[in-house]
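The structure is shown below.

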Amino acid sequence: MIIENKSKFATCHSSGGHKRAISEMVSNPEVSTLLLETKVMDDVKAFQAFTTMLNNDPDRAYYGYNHVLKADEDLAIDTLMVTDTLFKSCDIATRTKYVKLCESVKKHDGKVHIFSSLHVSGEQLGQVSGIAAILRFPMPEEKILENDNNDSNDEDSDDSDSDDDNGNERRMNQSFQISSKAPPGVGLSQGQSESPRKSKAAAADSDSDSFDGDGASRDVRDMGL
C-alpha cells in the first residue's frame, strides 16, 4: 500500500517538530507546488493574503463578525474566511447567522473559505475571532463607527419620541382626573353650562335666599326698628 502511494510522499525541512511547523512546511515553495491542487493550500494562501493586506492596507482587511457584516452590506467582500467551529456551531442561532453571511457573500460573487480548526491555518484564524475578510475596496473604520453612531442616535430618537408621547398621555390623564374631582361648575369650558336640573335648583335656592331677606326686612319695619 505504501509503495503504491510512494509518489504522494514528500520530504521537507522544518525548524521543529511542533504542530506550528506544518505552516512553515506548507509555505515552502517546493511543497506548495506539490499541494497546489489541495483545499488546504487554498486556505493557507487566502490567510496569507489577509495578513499581508492587514499590514499593508488595513482598510481592506476586516475581522470580527460585526465589521465583516457591515462590509457585506456594502457588497465589499472579495474573500471571506470562516472557521468550521463557527460555520458548524452546535448553537443554532450562531450557525444560522454565519451560514447566511457565507451565502450572501457567494451571492455577490465573493469567495468563501471554511477553515478546519484542526489545521494550523484554522487555529490562526481562530485567534482573530474566527472570521475575516479581504475587501474589494477600502472601507475606513471611521465609516463603520459613524454608521453605528447614526443607528444608535435613531434608536435614541425613537425612544425620546415614545417618552414624549407617554408624558403627554400621563398629563392628559392627570388633567382629566383633576377636572373630574373639581366642584360642580369648575373646569367647564366656555360655552358649557351645568345641567338644567342643577340650574333650576340653583335658581330656587337663590329665590329662597332673596325671599328670606325681604321677609326679614318687613318684619323689622313692622316692629318699628
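Contact here means heavy atoms within 4.5 Å. The model is predicted, and in it the buried residues of α6 pack against α4, β2, α5 (84-87), β3 (111-115) and β4.

Those buried residues are Y98, L101, C102, S104 and V105. Viewed down the axis of α6, they fall within an arc of 160 degrees, so they line one face of the helix. On the face turned away from this buried side, α6 carries the exposed residues I92, A93, K100, E103, K106 and K107. The length of α6 agrees with expectation, because 16 residues at 1.5 Å a residue should span 22 Å and the end C-alpha atoms are 22 Å apart. Just after α6, D109 adopts a positive phi of about 65 degrees.

The largest nonpolar core has 17 residues; V68, A71, I77, L80, V82, I131 and L135 touch the most other members.

Leaving aside residues up to four places away in sequence, V82 touches F87, Y98, C102, H113, I114, F115, L125, G130 and I131. A second, separate core of 10 residues includes F47, A61, F115 and I134.

Definitions and conventions
Residues numbered from 1 in each chain as written. Predicted model: local features only at pLDDT ≥ 70, side-chain atom pairs only at ≥ 80, totals over all residues. Heavy atoms only, no water. Core = buried A, V, L, I, M, F, W, Y, C linked by side-chain atoms within 4.5 Å. Buried < 20%, exposed > 50% of the residue type's maximum accessible area, 1.4 Å probe, protein only. Helix = DSSP H or I, 4+ residues; strand = E, 2+ residues; numbered from the N terminus. Expected span 1.5 Å × (residues − 1). Arc of directions from axis to C-beta.
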